[in-house]
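This report describes one chain, shown below with its sequence.

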Amino acid sequence: MTSIDLSRRGLLRLSGLALAAGIAGCTTTPRIAGTPSDGEDETARVLPLVNQLRAKNGLPPLAIDPAASNAALFQAKRMASAGKMAHLMGMTDSFGARVKASGVRLPAAENIASGQQSVDAVVTAWINSPHHLENMLGRYDGLGVAVAHNASSRNLPYWAMVLSS
């Protein structure tokens with residue numbers, strides 16, 4: 001009977017270690033080996049398209065928000081560096097804390113995309129997605145949009161849009 005208890009105890013210890021290792025693996029986002037991502041501010045090219053959409057829906061235009069542009073560039077670059085499209089990277093990530101650290105006025109929203117080769121293509125993709133469209137038609141005043149690429153991830157474009165109040 002004691003050997004069974006020891007086996008169970010040992011199994012529980014191994015299970016606990018495996019769980020801890022799994023959780024630790026989830027808290028960081030691996031960077032793709034190779035060159036870091038480069039990014040471009042695309043706000044000036046996207047703004048007229050978004051404002052045209054908003055005008056068709058009886059909404060006031062957005063303005064370029066430098067803080068939102070910086071937040072979008074940061075997000076696009078980190079997605080490209082990780083080779084992963086995601087709003088949150090790791091268990092401790094927080095959208096609110098991330099955009100607030102960039103000086104973005106809250107409330108705020110974020111649209112992301114990957115693979116679109118042009119401004120027109122990414123805006124069309126966001127328009128065709130109900131949740132992304134809802135963000136673009138939301139009660140926001142400012143806009144920032146960026147795209148980033150990473151040679152190690154086949155130069156796939158990673159896009160981020162941040163809408164600010």
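In which helix is the place of Leu133? Leu133 belongs to helix H6, residues 130-136. Helices here are DSSP runs of H or I with at least four residues, strands are runs of E with at least two, and both are numbered from the N terminus. The model is a predicted one, in which local features need pLDDT of at least 70 and side-chain atom pairs count only at pLDDT 80 or more, while totals for chains, interfaces and linings use all residues. Residues are numbered from 1 along each chain as its sequence is written, and side-chain values use heavy atoms, with hydrogens and water left out.

**Overall make-up**

The protein chain has six helices and five strands. Their order from the N terminus is α-β-α-β-α-α-β-α-α-β-β. Of the 165 residues, 39% are buried; buried means under 20% relative accessible area, exposed over 50%, and partly exposed in between, with a 1.4 Å probe and protein chains only. Among contacts (heavy atoms within 4.5 Å) with a separation of 6 or more, 71% are between residues 24 or more positions apart.

| Residue | Relative accessibility | Class |
|---|---|---|
| Leu133 | 24% | partly exposed |
| Ala146 | 0% | buried |
| Ser164 | 0% | buried |

Leaving aside neighbours within four places in sequence, Leu133 is in contact with Leu53, Trp126 and Ile127.

Ala146 is part of strand S4, residues 142-149. With neighbours within four places set aside, its contacts include Glu40, Asp41, Leu73, Tyr158 and Trp159. Ala146 and Leu73 are 73 residues apart in sequence, and their C-alpha atoms are 4.9 Å apart.

Ser164 lies in strand S5, residues 158-164. Beyond neighbours within four places in sequence, Ser164 contacts residues including Asp65, Val104, Pro107, Tyr140 and Leu143. Pro107, one of these partners, lies in the loop between helix H4 (95-101) and strand S3 (109-114). The peptide bond from Leu106 to Pro107 is cis, with omega near 0°.

**Helix H2**

Does the span of H2 agree or disagree with its 14 residues? At 1.5 Å a residue H2 should span 20 Å, and its end C-alpha atoms are 20 Å apart, which agrees; the expected span is 1.5 Å times one less than the number of residues. Thr43, Val46, Leu47, Val50, Asn51, Leu53 and Arg54 are the buried residues of H2. These cover an arc of only 155° around the axis, so they are on the same side of H2; the arc is that of the directions from the helix axis to the C-beta atoms. Arg45, Ala55 and Lys56 are exposed on the other side. Just after H2, Gly58 has a positive phi of about 70°.

**H2 against H5**

H2 (residues 43-56) and H5 (residues 119-127) pack at about 35°, with axes 10 Å apart. Axes are lines fitted to C-alpha atoms, for helices over the stretch in contact, and angles run from 0 to 180 degrees between N-to-C directions. Arg45, Val46, Leu49 and Leu53 of H2 meet Val119, Asp120, Val123 and Ile127 of H5. The residues of this contact are six nonpolar, no polar and two charged, where Ala, Val, Leu, Ile, Met, Phe, Trp, Tyr, Cys and Pro count as nonpolar, Asp, Glu, Lys and Arg as charged, and the others, Gly among them, as polar.
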